[in-house]
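Trainee: I would like to learn how to read the overall fold and the pockets of a model. Can we work through one together?

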Amino acid sequence: MPPLTLDVLRRDGQAFTEEISRESYLAHSGHKQGAEFKPIYDRYAHVLGSDALDLTVELFRDAAPGTEEHRSAALLLEWQLDSQASRSLAELDEREIAWETTAYIETPDGDRIQYQAAAIEIANQQDRKKRLALDAARTALVEKEHSPLRLERLQREKEYIESLGIASSYNTAFEEISGVSLTSLAAECSAFLRETQPIWDDTLPYYLKRSLGITVSQATRSDALALLRASEYDDAFPGSTLQESVARQLREMNVDPTAGGKIIYDVGDRPGKRARAFCAPTRVPEEVYLVLRPHGGQNDYTTLLHESGHALHFANARPDYPFEYRWLGDNSVTESYAMLFDHRMQDAGWLLRYTELGKNRLENFLRLAGFEALHYLRRYCAKLIYEVEAYGDVAEWKDLPDLYVDTLTSATNFQYRAADAFIDFDPRFYSTRYLRAWQLQAVINDSLVTRFD
């Protein structure tokens, strides 16, 4: 094995990332019933061990802050922490994916529904009694089988990161490497929740009554899925024109929807495919998969626009850049491109040009879109506040389900379930990326409008 240098780390680190990304794509898209991560980690142990960590730490601490060398080293160090923690958890991740792709929910009326499709079924169920029963069956399965897997992973990940001694705690390690102040961002989130409370209190009862015929005191998270599904607008967002509508917009911007064949669309239904869409860059910029499991209606349009932003970002990366600049970095950037595209669903001109909404329903839909955006902003503010506490040193793991329910329910007024405390959890503070992306996309959007109308 050659001595571990920066060039070797970049070369073999890229090869490892390509293999692990492809395996993740195959497993999460339903092409495989499980994942085989451990053999990949074993093949690349030389770039995922103590020598590699020492090298990246040395590069990070020796480089002057603000320099390109320091930025490069920070990207590599964050990747090392993520990859090494994931290596220690590979068998657990394999077990969780195998469970997710084979688990079924038994409903009270005798139906068997794929666990991976539960969110879709709940959102599409217009009979509230059946919707609540389905969510109760899902919750029972989560509490018994899925939540313990996720809790173990979160605990072991936190212990592993702290054992590396990068900083005094998990939270401070994230702050030192990412440059994001969790304390400051959480404080901004709390302020946002306070300042938007009057707007939320004014709009939520209206939409609950109009769309679902219920009051705020009755609302659950499963009701939120049905409400934001907005099925009353399905005729304006037919599945038959989904991909072509987005492709037409891109072509009219002189943007190739496939980036010269580098973007592969995986937008059909398939057993074992995750309900949550994702972008899988398996070779950057040469091969990028856009994966979506259809929900129906406006949700699919929003999601395809979002994932198109991701896919175009990766497929248009400069091929001559080093590994860390093509693959790694603050995901707030790629999320901002994704949000820049999905916010077209809040743009009157775009809706009239590329959908079948029509002028007579435009204003009501835009108000609903604004309400949906406020919901997600409040939800992610609450998630960040909860996750900072969860990874901190004060709250105990056993107390987190109650903290989760209190924090998320208070922010959204939808009753959350304690069983989801470790399922509805984005590891390594990914919620910070979404929150910062919402801000960055607004800046990019303003710049584009100012420069190009």
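Trainee: What share of the contacts in the protein chain with a separation of 6 or more comes from residues 24 or more positions apart?

Mentor: Bear in mind that this is a predicted model. Contacts are heavy atoms within 4.5 Å, and here 74% of those with a separation of 6 or more join residues 24 or more positions apart.

Trainee: Which helices and strands make up the chain, by number?

Mentor: The protein chain has 18 helices and five strands.

Trainee: How does the radius of gyration of the protein chain relate to that of a compact globule?

Mentor: The idea is to set the value against a rule based on the number of residues. For 453 residues a compact globule would have a radius of gyration near 22 Å, and the protein chain agrees because its value is 22 Å. Along the principal axes, the C-alpha atoms fill a box of roughly 65 × 55 × 45 Å.

Trainee: What percentage of the residues count as buried, and what is the accessible surface?

Mentor: Buried means under 20% relative accessible area. In this chain 53% of the 453 residues count as buried. The accessible surface is about 20200 Å², and carbon and sulfur atoms hold 50% of that surface.

Trainee: How much space lies in the second largest pocket, and which residues are closest to its centre?

Mentor: The second largest pocket holds about 600 Å³. Of its 27 lining residues, Arg71, Leu75, Leu328, Gly329 and Asp330 are the closest to the centre. Two or more lining residues come from each of helix 4 (68–88), helix 8 (170–178), helix 12, helix 13 (323–327) and helix 14.

Trainee: Which helix gives the most to this second lining, and how do the residues divide by class?

Mentor: Helix 4 gives the most, with six residues. The lining of the second largest pocket divides into ten nonpolar, eight polar and nine charged residues.

Terms used. Residues numbered from 1 in each chain as written. Predicted model: local features only at pLDDT ≥ 70, side-chain atom pairs only at ≥ 80, totals over all residues. Heavy atoms only, no water. 1 Å grid on protein atoms, 1.4 Å probe; cavity = no way out; pocket = protein on both sides within 12 Å on 5 of 7 lines; lining within 4 Å. Points joined across faces, edges and corners; volume = space filled by probe spheres on them. Helix = DSSP H or I, 4+ residues; strand = E, 2+ residues; numbered from the N terminus. Nonpolar A, V, L, I, M, F, W, Y, C, P; charged D, E, K, R; others polar. Rg over C-alpha atoms; globule rule 2.2 N^0.38 Å. Buried < 20%, exposed > 50% of the residue type's maximum accessible area, 1.4 Å probe, protein only. Areas by Shrake-Rupley, 256 points an atom, 1.4 Å probe, with all protein chains shown as cover.
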